[in-house]
Every structure is written in structure tokens, then in C-alpha cells.
Amino acid sequence: MAKRKKIINKDSEKFLFKYLNNTSPTGYESEGQKIWLEYLKPYIDEHFVDTYGTAVAIINPEAKYKVVIEAHADEISWYVHYITKDGFIYVRRNGGSDHMIAPSKRVNIHTKKGFVKAIFGWPAIHTRGASASKPEDTPKMNNIFLDCGCTSKEEVEKLGVHVGCVITYEDELMVLNKKYYVGRALDNRIGGFMIAEVARMLKENKKKLPFGLYITNAVQEEVGLRGAQMIVERIKPDVAIVTDVCHDTQTPLVKAKLQGDTKCGGGPAVTTGPAVQNNLLKLITDTAKKNKIDIQRQAASRSTGTDTDAFAYSDVGLASALISLPLKYMHTTVETVAYSDIEDCIQLMYQSLLTIKAGQDFRYFT
């Protein structure tokens, strides 16, 4: 990999920590979106926010030809689902939250009065009653529960907690061995960070794009790509480059033969599949080669499982591509990404934008 000037500086890393440590659960992304837009304002011409909270920052808003770079802003979370008479709380998923990691985790219950602290309780190993005839209980959706220090339903409700309150883990971003960022919600607010850095680089390097650039931080990806489905109809772009995370398949218990061969530190992963427009993909891979950016390859079957699908299959079809950031331990509170991969994802998006021409036709043939 060629050495190049570092992209992430002290100011951008400060933004990264502020943005990632803020909560942004699916359906409740507004506070994170405010932080994101505040950082972007010096680097853009205008912005708007749609009805459900997708934020779009625009460079060259008057241009007819429109290019989107997109990430999703929401993080997985839980809902308060049922409060027992003894004050314990049972939960329902908001997105793909993993019940297996919940026991012993600390959480914030979001209420109108502010955060209410709680914990996912779990019986001690001494008390779980495993035997040769009865296997040990494991965490399941019907047995994980929250304890917020109350002994009755009425006491819970006095704290402002009710059915429908959203719940997030309190874990925050950290640096591991000076090479990795670790925390909750890197899926995919690290993508929001990366597209913001692309906008900063364009401004600071005084690059003039021959098209309108719509830097899009979409909501509600974790429950079915909903924010992207809505915003593509409003922007009506000509091209979309989506960024999300993908699995590092080199960790224990992951079968690379089934999941694909990608790893943290190996560079951005680019996807081939029905939703990915081949000529746009070629532009991106050629850009990577020209700029000596190492890339990894993924193959998608029916769909990519990302907002790429919402853009690609919108209206009459949109030339779309996916650049993914390898990530360890997805949908846990210790999601892990390599610093070098973040920089290379940013660089690949940035250089790809500089390659796209106004009015460029990505059709297979004419």
C-alpha cells in the first residue's frame, strides 16, 4: 500500500468521538444528525432534513447532474416492551440487536426526563441449575430483562419509563493498540464520518466538482433501508456510491468460506452483485488501482443488504455501487475497525468523485 498524507486530523477525530458517543437509535437519530450537520456546514453550500430525519448536505445544488455518497445514521437498540409488577423490564428489538450479548450490559433508557440507567440482569452461574438432564439456560429474547433498581411497575413508571421507550448501550468509543477504533454503533455511523471527511477534503483541497454532490446520512437502515427508500425519491440522483460496513471474516468462529474473505487492515471492500452497476464498479476499481489503494472483493447474491439496494432499484433504476469498511464483531458493543481502512475508504470515495464527469452515462451499452 502506498504511503499518503493522513486524512484524519485532531479536529476530525474530535468530531468522530463526539458523533459516535452520542446515541442515534433507529427512529430517533436527530441528535446525531445535528452533530453531523454542524461539522459539515463549513464544507457545503446548503442542506436539508426530510420528514423522518435523513440529513443531506449539498455541494453545487444548482447542478442538474446529481451524485450521492451515502451512509446510514442509525444504530441498533431496544424498546421497552413489557414491565412486570415487580419492576423488571422485558424488551423488543429495534433493528438487529443481539440478545446473546445483552446479559450484564449497562444501558440508557431514553425518557422525556432524560436517561434512566438500567442493566441487563442475569442469574449467577451458581444459580442457573444446569445438570446432566437439564442444560444451562442461555440468553433468549424471552428471558433477557432489564433491572433499573425498582421493585414495582409503578416505581418504574415514576422514572418516566413506559412501553415504547428506546434503550441504548452506554459503551463509548475507544482506541485499541493505536490501530483500531472500538465501540458501539460503528455500523454505520463510521460511514457518516467518512462521507463527512470526503466533503472536508473537497473543500480544503479546493476541488470543483462538475456535478451536484449530495452527502446523505440516511435514517432507519437497520429496519429495512427505509430512510434511503424515501430520500432517493426526493433527490432523484443519477449516481449513488454507498458506504457501509462488512464482516471481518478472519476472527475465530467465523467461516470465511461461507461469509467471504475480508479482513480489517486489508483495505476497502467493493461488492459485485445484481444491485451494483458494473460500469460504476469499474470506475471505482480503476480509481483504486490508479491511486494504489488496496481493495478487497465481495460477492452479493440477491441483494447487498445495504442501502445500495434501495438506491439501485428506485424508480427507473440508478447506477449504484457499494464501498464497505471491514468490521469485527458486528452488532455488538465492541465493533472494531482499522484506522488504515477508514482512511482508504475516504480516499477511494474522494478520488472516485474526482473521476466522475458531469452527465456521465453508466449504462451497459447504448
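1. A pairing of strands requires at least two bridges found between them by DSSP. Strands (E, at least two residues) and helices (H or I, at least four) are DSSP runs, numbered from the N terminus.

2. A word on the basis of all this. The model is predicted, so please keep in mind that local features need pLDDT of at least 70 and side-chain atom pairs count only at pLDDT 80 or more, while totals for chains, interfaces and linings use all residues. Residues are numbered from 1 along each chain as its sequence is written, and side-chain values use heavy atoms, with hydrogens and water left out.

3. Back to the sheet: S10 is joined to S11 (residues 180–183) by three bridges, and the two run antiparallel. Val175 has Tyr181 in S11 as its bridge partner. Contact here means heavy atoms within 4.5 Å; axes are lines fitted to C-alpha atoms, for helices over the stretch in contact, with angles from 0 to 180 degrees between N-to-C directions.

4. How do H7 and H9 cross? The axes of H7 (residues 278–290) and H9 come within 9 Å and cross at roughly 115°, and the two helices are therefore roughly perpendicular (65 to 115 degrees). From H7, the contact uses Leu283, Ile284, Thr287 and Ala288; from H9, Leu348, Gln351, Ser352 and Thr355. These residues divide into four nonpolar, four polar and no charged. For the classes, Ala, Val, Leu, Ile, Met, Phe, Trp, Tyr, Cys and Pro count as nonpolar, Asp, Glu, Lys and Arg as charged, and the others, Gly among them, as polar.

5. The pair H1 (residues 10–21) and H2 (residues 30–40) is worth a look too: their axes come within 10 Å and cross at roughly 170°. That makes H1 roughly antiparallel (over 145 degrees) to H2. Asp11, Ser12, Phe15, Lys18 and Tyr19 of H1 meet Gly32, Gln33, Ile35, Trp36 and Tyr39 of H2. By class, this contact has five nonpolar, three polar and two charged residues.

6. Strand S16 (residues 319–327) has nine of its nine residues buried, so it is largely enclosed by the rest of the structure; buried means under 20% relative accessible area (1.4 Å probe, protein chains only). Both faces are covered, with Ala319, Ala321, Ile323, Leu325 and Leu327 on one side and Ser320, Leu322, Ser324 and Pro326 on the other. S16 pairs with S13 (residues 239–247) in the parallel sense over nine bridges, and Thr243 has Ile323 as its bridge partner. With S14 (residues 269–272), S16 runs antiparallel through two bridges, where Ala269 is partnered by Ser324.

7. Finally, six of the seven residues of S3 (residues 66–72) are buried, so this strand is largely enclosed as well. Seven bridges link S3 in parallel to S12 (residues 212–218), with Ile69 partnered by Ile215. S3 also pairs with S13 in the parallel sense over four bridges, and Val68 stands opposite Ala240 there.

Methods:
Parallel < 35°, antiparallel > 145°, perpendicular 65-115°, else oblique. Buried < 20%, exposed > 50% of the residue type's maximum accessible area, 1.4 Å probe, protein only.
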